[in-house]
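Please view the sequence and the structure first; the notes then proceed by topic.

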Amino acid sequence: MLEIKPDAPNTKLALAYLEVYRNGSPAAAKKILAGFDPKGVAVLPRWDLTMLERDYVTAEKILGELTSKDFKMDDFPKTFYQGRTALARGEVELAQGYFAAAMPAFEGRVSEDPDDPDAHVDLGLLYAYMHRKEEAIREGRRAVELGPESEDAFHGALWAANLALVYALVGEPDQAITLIERLLITPGAVGSRAPATQLNITLAELRLRWEWDSLRSNPRFQKILAGPEPATVLPESR
């Protein structure tokens with residue numbers, strides 16, 4: 001793709017994230033993006049890669065250098081990213097303030113288009129970060145209902161992956177791990193929306209992202225992380 005169109009931003013970003021998915025190396029991904037930032041599209045991926053390295057001080061600095069105008073190309077306000085960074089650092093009260101500021105934008109998207117699975121996916125994740133358990137699960141499940149894998153194999157897997165993350169964040173490890181086990185062998189459970197919402201189920205993401213930390217003491221999850229990346233199994237082969 002880059003040979004055909006060397007300056008294609010999304011292709012460059014996808015190549016960088018392959019270093020994460022394939023080799024578990026955010027540092028290698030950042031090297032690919034070094035000096036690359038057409039129209040600011042690489043700023044948030046750099047923040048995300050820094051979060052994967054758990055360098056939260058630098059991640060916070062990256063966000064601090066951005067203005068609200070820098071987020072016009074994104075569906076999510078700056079406060080959403082600030083809240084996630086603060087929560088990762090253990091600053092719960094500060095994080096909740098950021099999330100509360102972001103909430104009208106998320107709820108507004110659901111109100112505008114209640115049949116859009118993406119809107120429910122994003123709102124469910126926000127509620128999960130806010131520890132609003134019942135609402136988070138409701139929205140995550142609603143997205144899966146609106147776009148089941150039986151009707152949309154690609155996006156449906158991504159919405160199921162989001163539900164797994166919601167379960168992990170709100171303290172439902174068994175439900176989260178059951179979904180993870182299935183999605184690791186499911187085609188399509190890797191999206192291209194990083195760093196907005198994490199809709200990816202790969203061993204690298206499970207090992208690196210702080211959002212999965214609540215599962216790390218679970219023997220089932222430990223077994224998953226200790227194994228190799230399982231082979232993808234097509235639905236008709238199961």
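Gly-90 follows α5 and has a positive phi, near 90°. The model is predicted: local features need pLDDT of at least 70, side-chain atom pairs count only at pLDDT 80 or more, and totals for chains, interfaces and linings use all residues. Residues are numbered from 1 along each chain as its sequence is written, and side-chain values use heavy atoms, with hydrogens and water left out.

**Overall architecture**

- The protein chain contains 12 helices and 0 strands; helices (H or I, at least four residues) and strands (E, at least two) are DSSP runs, numbered from the N terminus.
- The radius of gyration of the protein chain is 17 Å, close to the 18 Å that the globule rule gives for 238 residues, so the chain is as compact as a globular protein of that length.
- That radius is taken over C-alpha atoms, and the globule rule is 2.2 Å times the number of residues to the power 0.38.
- Taken along the principal axes, the box filled by the C-alpha atoms of the protein chain is roughly 45 × 40 × 35 Å.

**Burial, contacts and surface**

- Of the 238 residues in the protein chain, 49% count as buried; the term means under 20% relative accessible area, with exposed over 50% and partly exposed in between (1.4 Å probe, protein chains only).
- Among contacts in the protein chain with a separation of 6 or more, 56% are between residues 24 or more positions apart; a contact means heavy atoms within 4.5 Å.
- The protein chain exposes about 11500 Å², of which carbon and sulfur atoms supply 54%.
- Accessible areas come from the Shrake-Rupley method with a 1.4 Å probe, and for residues only the protein chains shown count as cover.
- The protein chain has 28 positive and 36 negative side chains, and the centres of the two sets lie 5 Å apart.
- Lys and Arg count as positive and Asp and Glu as negative, while His and the chain ends are not counted; the place of a charge is taken as NZ of Lys, CZ of Arg, CG of Asp or CD of Glu.

**Helix α5**

- Helix α5 is mostly covered, with 11 of its 11 residues buried.
- The buried residues of α5 include Lys-78, Gln-82 and Arg-84, as well as Phe-80, Tyr-81 and Leu-87.
- The cover over the buried residues of α5 includes α3, α4, α6 and α7 (117–129).
- Thr-85 lies in helix α5 and is buried, with a relative accessible area of 1%.
- Apart from neighbours within four places in sequence, Thr-85 is in contact with Trp-47, Met-51, Tyr-56, Ala-59, Glu-60 and Leu-63.

**Aromatic pairs**

- The structure holds 10 aromatic pairs; rings of Phe, Tyr and Trp (its six-membered ring) pair if their centres lie within 6.5 Å, and planes under 30 degrees apart count as stacked, over 60 as edge-to-face and the rest as tilted.
- The ring centres of Trp-47 and Tyr-81 are 5.2 Å apart and the planes stand at 80°, so this pair is edge-to-face.
- Trp-47 lies in helix α3 (residues 43–52) and Tyr-81 in helix α5 (residues 78–88), so the pair ties together parts that are 34 residues apart in sequence.
- Trp-47 counts as buried at 0% relative accessibility, and Tyr-81 counts as buried at 0%.
- The ring centres of Phe-76 and Phe-106 are 5.3 Å apart with planes at 50°, so this pair is tilted.
- Phe-76 lies in the loop between α4 (56–64) and α5, and Phe-106 in helix α6 (residues 92–112), so the pair ties together parts that are 30 residues apart in sequence.
- Phe-76 is buried at 3% relative accessibility, and Phe-106 is buried with a relative accessible area of 3%.
- Ring pairs link Trp-47, Phe-76, Phe-80, Tyr-81, Phe-99, Phe-106, Tyr-129 and Trp-210 into a cluster.

**Two further buried residues**

- Thr-50 lies in helix α3 and is buried, with a relative accessible area of 2%.
- Beyond its neighbours within four places in sequence, Thr-50 is in contact with Lys-30, Asp-55, Thr-58, Ala-59 and Ile-62.
- Leu-215 lies in the loop between α11 (203–208) and α12 (219–226) and counts as buried at 1% relative accessibility.
- Beyond its neighbours within four places in sequence, Leu-215 is in contact with Ala-168, Pro-173, Ala-176, Ile-177, Ile-180 and Phe-221.
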